[in-house]
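Colleague: I would like to learn how to read ring features in a model. Could we start with charges and rings?

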Amino acid sequence: MRRVTLQDVADRAGVSMKTVSNVVRGYQHVSPGMRARVQAAIDELGYRPNRTGRSLATGRSSMIGLAFPDLRRPYFAELAHVFARVAQARGYHLLLAETGATVEGERSVLRDQEAGILDGMVLQPQMLAARELDVERHGMPIVFLGEDPPPDDADQVAIDNVAAAREAVEHLVRLGRRRIGFLGHETERVSWTSRLRIEGYRTALEQAGLEADPRRLVERRQDGDARDAEEALDAALSAGLELDGLLCRDDLAAIGALRALRRHGLDVPGDVAVVGWDAIELGASTAPSLTSVAPDTRALAERALDLLLDRLDGYAGPGRHVTVGHTLALRESAPALPD
């Protein structure tokens, strides 16, 4: 039996092959009516993409690299899952890599892509400066995630960390908290992520007429886990730090904070309201469950792949910087205000 082709689907739907290709690859900029029309033809004919043929015809592998600093961190693992689903819907597979949040690790994943396995890459850098990233990418289409400044002509997707931190602190203020700390300030190299979140934290305190006491910036190691955050907050509380609200750099820090506060006989949220960051699945099952800044991970993956596939299709314009949304997932550790 002859294999159903993209042209067969286009003929049945009465559209161009480009439109069928856009539907198969999951492009957002196709009207719902047109998408339904093409999908009906696909279903009727039983069309399945021919990956081998497409690779030979286009010189592409249908493989995209996805590189994160540390795959042990729940946020990156959950984000990789979202990326895999979005990429699969567009006819691509992911090759997952870990940089270890080191200079050599980031250089390695950028150099390895020269082997020709990948069509493009999505990378969240933490160590290489923009100039080094520019040198190491060797013309490979790359979209950068996160807050570190990318090369001038590169595409980047992130959330507004300043606004998100400000909104989290404003929620704590509305709960009546006045001695609000920040847990997760790094002791060594201060990341762009931390800089922006601390900026939003301080801005919200100033706007509320509250003191941004530097003693309430509780430090931990840059690669710290929940245990490290627990020990850092435990030491600060033992030294006399007084808090009634706490914004944590990530949910792992918040989980550590819950344990430290419990050890010191402090109730959450009665004595100290706690807000985490990333809204990982585990946060819904802690005791109490974590209120957390929730990045729109679906939009992050969608937009990053939009930009990358644009580059693969020939876009050579200036770098685009896209900000996706976020919400505050309100749970028990810093609950919603009563009606």
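Modeller: A charge sits over a ring if NZ of Lys or CZ of Arg is within 6 Å of the ring centre and within 35 degrees of the ring normal. Here, Arg 195 lies over the face of Trp 192, 4.8 Å from the ring centre. Likewise, the charged end of Arg 320 is placed over the ring of Tyr 315, at 4.0 Å from its centre.

Colleague: What kind of model is this, and how are residues numbered?

Modeller: The model is predicted: local features need pLDDT of at least 70, side-chain atom pairs count only at pLDDT 80 or more, and totals for chains, interfaces and linings use all residues. Residues are numbered from 1 along each chain as its sequence is written, and side-chain values use heavy atoms, with hydrogens and water left out.

Colleague: How many aromatic pairs does the structure hold?

Modeller: Rings of Phe, Tyr and Trp (its six-membered ring) pair if their centres lie within 6.5 Å; planes under 30 degrees apart count as stacked, over 60 as edge-to-face and the rest as tilted. The structure holds three such pairs. Phe 68 and Phe 76 have ring centres 5.0 Å apart and planes at 25 degrees, so this pair is stacked. Tyr 75 and Phe 76 make a tilted pair, with 5.7 Å from centre to centre and 55 degrees between the planes. Ring pairs join Phe 68, Tyr 75 and Phe 76 into a cluster.

Colleague: Is Phe 68 buried or exposed?

Modeller: Buried means under 20% relative accessible area, exposed over 50%, partly exposed in between (1.4 Å probe, protein chains only). Phe 68 and Phe 76 are both buried, and Tyr 75 is buried too. Of the chain's 339 residues, 51% count as buried.
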